[in-house]
Amino acid sequence: MTVAASTLLGRPLWYELMTTDMKAAEAFYRKVVGWTTAPFEGATHPYTMFNRSGETPVAGVMTKPEMVNAPPFWAMYVGVPKLEEAAAHVKRLGGGECSPVIEVPTVGRMQMMRDPQGASFYIFEPATADRSPEAAAEIGEASWHELMTTDAPAAMKFYSELFGWQPSETMDMGPMGKYHMFNRPHGMIGGMMNKPPEMAHVPPNWQIYFRVSDINAAIDRIKANGGQILNGPMEVPGGDWIVNAMDPQGAAFALHARKAG
């Protein structure tokens with residue numbers, strides 16, 4: 001495997017909101033996260049990109065296809081050097097496919113997969129090697145990837161073998177069980193935990209955290225624009241702050257602010 005391929009494998013590259021009302025969702029996230037929006041010209045269906053700092057694309061939004069039998073949701077795309085090899089690896093490890101291979105000219109090839117516990121994610125083979133160096137998230141970028149599942153140790157083993165993610169710290173959360181964190185070479189990027197009993201009806205899922213400058217101001221913007229706070233604000237070890245929320249169309253998302261100073 002080349003250096004470029006080894007740094008691509010397991011790197012979260014893109015995030016996508018599948019929703020029921022694109023224009024309303026665009027307006028909500030522009031106000032809440034501070035993104036700007038621009039249409040993606042190469043799409044065969046309406047597709048809007050969310051940009052940070054005016055011009056750097058970080059995520060996209062599209063209308064949820066009718067065949068997708070799920071409420072609106074955020075999806076993550078994880079880089080792989082060869083799509084077919086990665087898809088076969090998913091299946092060998094007990095996962096499966098949720099969609100056919102999708103090819104977008106000049107962008108790449110992708111396929112929605114599911115892990116053995118049922119959480120969905122995309123594998124993504126980019127068309128080009130043009131990527132910025134991997135680093136800690138800036139304002140407006142995804143800063144944390146959190147899996148709520150039914151068997152966190154088994155999920156960690158699956159993703160470690162598939163993507164090379166490195167298990168790191170484990171935090172005891174008392175009655176909620178253990179929180180298993182994982183790293184990329186540049187640092188920690190996410191965590192996994194078993195769903196609490198009150199979430200028994202919710203299928204295993206990935207939740208994406210986007211970085212904002214001030215958590216309390218962001219909460220005010222969520223409420224003012226029709227969103228709902230699900231949990232928080234909560235201070236996490238190290239002094240950062242997070243909030244879990246739902247947008248007006250029903251997609252869960254989360255925000256993260258670095259500690260002051």
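Predicted model: local features only at pLDDT ≥ 70, side-chain atom pairs only at ≥ 80, totals over all residues.
The expected span of a helix is 1.5 Å times one less than its number of residues. Helix α4, residues 152–163, can be held against that figure: it has 12 residues and reaches 16 Å from its first C-alpha to its last, close to the 16 Å expected at 1.5 Å a residue.

At its start, a side-chain oxygen of Asp151 comes to within 3.2 Å of the backbone nitrogen of Ala154. After its end comes Gly164, with a positive phi near 75°. Along the helix, the buried residues are Ala152, Ala155, Met156, Phe158, Tyr159, Ser160, Leu162 and Phe163. An α-helix has 3.6 residues a turn, so residues three or four places apart point the same way.

Eight strands form an open sheet with mixed pairing, in the order β11-β12-β13-β10-β14-β17-β16-β15. Strands β11 (166–172) and β15 stand at the edges with a single partner strand each, so one side of each has no neighbour in the sheet. On average, and with direction ignored, neighbouring strands of this sheet are turned by 25° against each other.

Within that order, β10 (residues 142–149) and β13 (residues 187–194) run parallel and are joined by 5 bridges. Glu146 has Gly191 of β13 opposite. Strands of a sheet pair through backbone hydrogen bonds, either parallel or antiparallel.

Helix α5, residues 215–224, lies across β15, β16 (241–246) and β17, and runs at about 175° to β15. Pro233 belongs to strand β15, which covers residues 228–235. The peptide bond leading from Gly232 into Pro233 is cis, with omega near 10°.

Thr106 is not a glycine, yet its phi is positive, about 70°. Most residues other than glycine have a negative phi, and most peptide bonds are trans. Thr106 is placed in the loop between β7 (102–104) and β8 (108–114). Its relative accessibility is 69%, and because the cut-off for exposed is over 50%, Thr106 counts as exposed.

Strand β8 leads on to β9. These two strands run antiparallel and are joined by 7 bridges. Their hairpin has 5 residues between the strands, and in it Gly118 takes a positive phi near 110°. Strand β9 also pairs with β5 (residues 73–79), running parallel to it with 3 bridges. In that pairing, Gly79 stands opposite Phe124 of β9. Of the 7 residues of β9, 5 are buried, and the strand is mostly covered.

Residues up to four places away in sequence not counted, Tyr122 touches Glu16, Met18, Ala75, Met76, Tyr77, Val78, Ile102, Met110, Gln111 and Met112. Ala38, by comparison, is 84 residues from Tyr122 in sequence and 23 Å from it in space, C-alpha to C-alpha.

The aromatic rings come last. A pair of aromatic rings is described by the distance of the centres and the angle of the planes. With ring centres within 6.5 Å as the limit, the count comes to 26 aromatic pairs. One of them is formed by Phe28 and Tyr29, which are edge-to-face, with 5.0 Å from centre to centre and 90° between the planes. Phe28 has 3% relative accessibility and so counts as buried; Tyr29, at 0% relative accessible area, is buried too.

Tyr29 also pairs with Phe253: the ring centres are 5.3 Å apart and the planes stand at 70°, so this pair is edge-to-face, the planes being over 60 degrees apart. Tyr29 is in helix α2 (residues 22–33) and Phe253 in strand β17 (residues 252–257), so that the pair links distant parts of the chain, 224 residues apart. Both Tyr29 and Phe253 are buried. Tyr29, Phe28 and Phe253 are among the members of one aromatic cluster, which also includes Tyr15, Trp35, Phe50, Trp74 and Phe210.

Definitions and conventions: Residues numbered from 1 in each chain as written. Heavy atoms only, no water. Phe/Tyr/Trp six-rings, centres within 6.5 Å; stacked < 30°, edge-to-face > 60°. Buried < 20%, exposed > 50% of the residue type's maximum accessible area, 1.4 Å probe, protein only. Helix = DSSP H or I, 4+ residues; strand = E, 2+ residues; numbered from the N terminus. Pairing = 2+ DSSP bridges. Axes fitted to C-alpha atoms, helices over the stretch in contact; angles between N-to-C directions. Contact = heavy atoms within 4.5 Å. Polar contact = N/O pair within 3.5 Å; in protein donor to acceptor, adjacent residues only side chain to side chain.
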